[in-house]
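Here is a friendly tour of the model, meant to be read with the structure open beside you. Take the topics in any order you like.

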Amino acid sequence: MPQIDRLVRELVDSPPQLILVAGLDPRSLSKTQDGSRWLASGKTTILRILLREILEAHPKRRCVAYCDADEEFRLPRELRSRVELLQPRQPDFRPKWLQEALRRRPELLVIGSLTAETAPTAVQAVRAGAVVLATVDTLNRGAAVARHLLTLGLTLDQLPVLGWVISTMRQPVLCKKCKQPFKPDAELLQHLGVQPVGDPPTLFRPGSCAECKGMGREGDVSVFDVFHADPGRPD
Ligand SMILES: [Zn+2]
């Protein structure tokens, strides 16, 4: 990810803070909404990449990871010996295991998914001097994720623990063979937040051809939004 290398280097040397990878996966939508039109955000992949970067940059850092039994948490083989994995098999055991995660005084705590249940542990760990790396299910980006944390039960005075939010989503790419150019009207430009100057830009909408099997798209691309909280401006 050359575009965000500089930010990743800064993030890797972050002081004790909460680092969130935000995104929405179809799996977490399926209970209440139609998840079929969402692509998986890829946030667990980003979490693993950041974990690897942090562990490689800090070879002595003690790391504990907490995640639910049904959460996908595949560690690269070479890092398994560095991470103590706490994964309660029964929901009843979660509070006890979260306590245990704190008791081990990790310097790096990974939380598979930040929820109302795990958020207090994340705050306590940061205050005890740990970097906390977690994913969170939300379509929000940047500072809006801080407001999302309030819905998980964090209080305003706890929000400054939040240092970084890497929001990620996967977007389909239009098929090059059949994409259809068009000139957007004023209403669409306004909706997109574009100030019309001179001729409107050419946009494209999906078409249909044999190449893309009528889907109008070919593959997808990851889109990132990186938010770094300014410690001088906790609001
Ligand atoms: Zn096509």
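**A predicted model, strand by strand**

Leucine 18 has leucine 162, in strand 6, as its bridge partner. Please keep in mind that this is a predicted model, in which local features need pLDDT of at least 70, side-chain atom pairs count only at pLDDT 80 or more, and totals for chains, interfaces and linings use all residues. Residue numbers start from 1 along each chain as its sequence is written. Helices (H or I, at least four residues) and strands (E, at least two) are DSSP runs, numbered from the N terminus. Two strands count as paired if DSSP finds at least two bridges between them.

**The whole chain**

- The protein chain holds seven helices and nine strands.
- Its C-alpha trace spans about 60 × 40 × 35 Å along the principal axes.
- Domain 1 covers 2-172 + 219-228 and domain 2 covers 176-215; these bounds come from an automatic or database domain assignment.
- The C-alpha centres of domain 1 and domain 2 are 35 Å apart.
- Of the contacts with a separation of 6 or more, 66% link residues 24 or more positions apart; a contact here has C-beta atoms, placed from the backbone, within 7 Å.

- Seven strands make an open sheet with mixed pairing, in the order 3-2-4-5-1-6-9.
- At the edges are strand 3 (83-86) and strand 9 (217-228), each of which pairs on one side only.
- On average, neighbouring strands of this sheet are turned by 20 degrees against each other, direction ignored; axes are lines fitted to C-alpha atoms, for helices over the stretch in contact, and angles run from 0 to 180 degrees between N-to-C directions.
- Strand 1 and strand 6 run parallel, paired over five bridges.
- Strand 6 (residues 162-174) also pairs with strand 9, in the antiparallel sense and over 10 bridges.
- Within strand 9, phenylalanine 227 stands opposite valine 165, and phenylalanine 224 is the bridge partner of threonine 168.

**Helices on the sheet**

- Helix 4 (residues 94-103) packs on the sheet and touches strand 2 (63-66), strand 3 and strand 4 (108-111). Its direction makes about 170 degrees with that of strand 2.
- Helix 6 (residues 143-151) lies across strand 1 (18-23), strand 5 (131-137), strand 6 and strand 9. It runs at about 110 degrees to strand 6.

**Buried and partly exposed residues**

- A residue is buried if 20 or more other C-beta atoms lie within 10 Å of its own, exposed if 12 or fewer, and partly exposed in between, with C-beta atoms placed from the backbone.
- By this count, 26% of the 235 residues of the protein chain are buried.
- In helix 5 (residues 119-127), the buried residues include Ala119, Thr121, Ala122, Val123, Ala125 and Val126.
- Strand 1, helix 4, strand 4, strand 5 and helix 6 are among the elements covering the buried residues of helix 5.
- Just after helix 5, glycine 129 has a positive phi of about 100 degrees.
- Leucine 50 belongs to helix 3 (residues 43-57) and is partly exposed, because 19 other C-beta atoms lie within 10 Å.
- Not counting residues up to four places away in sequence, leucine 50 touches Leu11, Ile19 and Leu133.

How values were computed. Two residues are in contact if their C-beta atoms, placed from the backbone, lie within 7 Å.
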